[in-house]
Amino acid sequence: MNTGQHTGQHTGRLAVRFELIHSGPAQGRLRRRPTRTWAGAVPGYGPVELVCPAEEDLLRETVTAWVSGHGIPPMSFTGIEFRDLPRMAMMTLTADAWTGKLARRHLAVTARGRALRIAIAERSYRYQVLGSKLRHELRREGAVITMSRSSWRYPDTISGTGQGGFDGLDIGLAILLEGVYTRNLSFSGALYSWPGRFLSRLDDIPDF
């Protein structure tokens, strides 16, 4: 990873606020999924774009969300498809030249206990729901990014606030995870969505 461009350039900023706006679906080509895009600008980092799902074959069982921007490393999250989003099953995370390691405690009850743990680029992150399904927090030592959505499914806006010694990798990762099905990061959300996720993958262990 080019740490000078993507992770070190703006480290040390105390706070930044940004917003991405939904531009609507783009019709997929024959046998391809339609895509949805959220775009905006992050002060100090420039334009950024979240696309989910990427235009992929309708018959594929996995889908991918990806983020790109001038001051943010290209990154993607791939998982089993559920409601046109990658869910946290058979998941793969990449950021530039890095591949992440992801883990969850499926039987935990609290939001902190059910958080998605991410190890990537020699960093350790915790991504958890905050109070409701519309707010999430990505945290590592020295930095935190808080994300909010105007609604759960296809929100008109996705906004974020970065605090501490954050950088482009932190911001990009927080934005990317807004393109992932994360209802089961809360125990109540897991109970709500479990029947649909189970029925969508009868041959797979449900990601409760």
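This is a predicted model: local features need pLDDT of at least 70, side-chain atom pairs count only at pLDDT 80 or more; totals for chains, interfaces and linings use all residues.
1. Residues are numbered from 1 along each chain as its sequence is written, and side-chain values use heavy atoms, with hydrogens and water left out.

2. Let's begin with charges. Side chains of opposite charge can pair when their charged atoms come close. The term used here is salt bridge (a side-chain nitrogen of Lys or Arg within 4 Å of a carboxyl oxygen of Asp or Glu), and the structure holds seven of them. One of these joins Glu137 to Arg139, with 3.1 Å from N to O. Burial is judged by relative accessible area: buried is under 20%, exposed is over 50%, and partly exposed is in between (1.4 Å probe, protein chains only). Glu137 is buried at 11%, whereas Arg139 is partly exposed at 34%.

3. Now look at Arg140. Asp167 makes a salt bridge with Arg140, their closest N and O atoms being 3.8 Å apart. This pair links distant parts of the chain, as Asp167 is in the loop between strand 14 (157-164) and helix 2 (168-177) and Arg140 is in strand 12 (residues 132-140), 27 residues apart. By the way, helices (H or I, at least four residues) and strands (E, at least two) are DSSP runs, numbered from the N terminus.

4. Arg140 also bridges to Asp170, with the closest N and O atoms 2.8 Å apart. Again distant parts of the chain are linked: Asp170 is in helix 2 and Arg140 in strand 12, 30 residues apart. Are Asp170 and Arg140 buried or exposed? Both are buried, and Asp167 is buried as well. Arg123 joins in too: Arg123, Arg140, Asp167 and Asp170 are linked in a network of salt bridges.

5. Next, strand 10 (residues 116-120). In a regular strand the side chains alternate between the two faces of the sheet. Strand 10 has Leu116, Ile118 and Ile120 on a covered face, with Arg117 and Ala119 on an uncovered one. Strands pair if DSSP finds at least two bridges between them. Strand 10 runs antiparallel to strand 9 (residues 101-103), joined by three bridges, and antiparallel to strand 11 (residues 123-130), joined by five. Find Ile118: its bridge partner is Leu102 on one side, and it stands opposite Tyr125 in strand 11. Strands 10 and 11 form a hairpin with two residues between them, and Ala121 in the turn has a positive phi of about 55°.

6. On to the rings. Rings of Phe, Tyr and Trp (its six-membered ring) pair if their centres lie within 6.5 Å; planes under 30 degrees apart count as stacked, over 60 as edge-to-face and the rest as tilted. The whole structure has two aromatic pairs. Phe82 and Tyr181 are edge-to-face, 5.0 Å centre to centre with 90° between the planes. Phe82 lies in strand 5 (residues 72-82) and Tyr181 in the loop between helix 2 and helix 3 (187-200), so this pair ties together parts 99 residues apart in sequence. Phe82 is buried at 5%, and Tyr181 is buried at 1%. Trp152 and Tyr181 are also edge-to-face, at 5.7 Å and 80°. Phe82, Trp152 and Tyr181 form one aromatic cluster.
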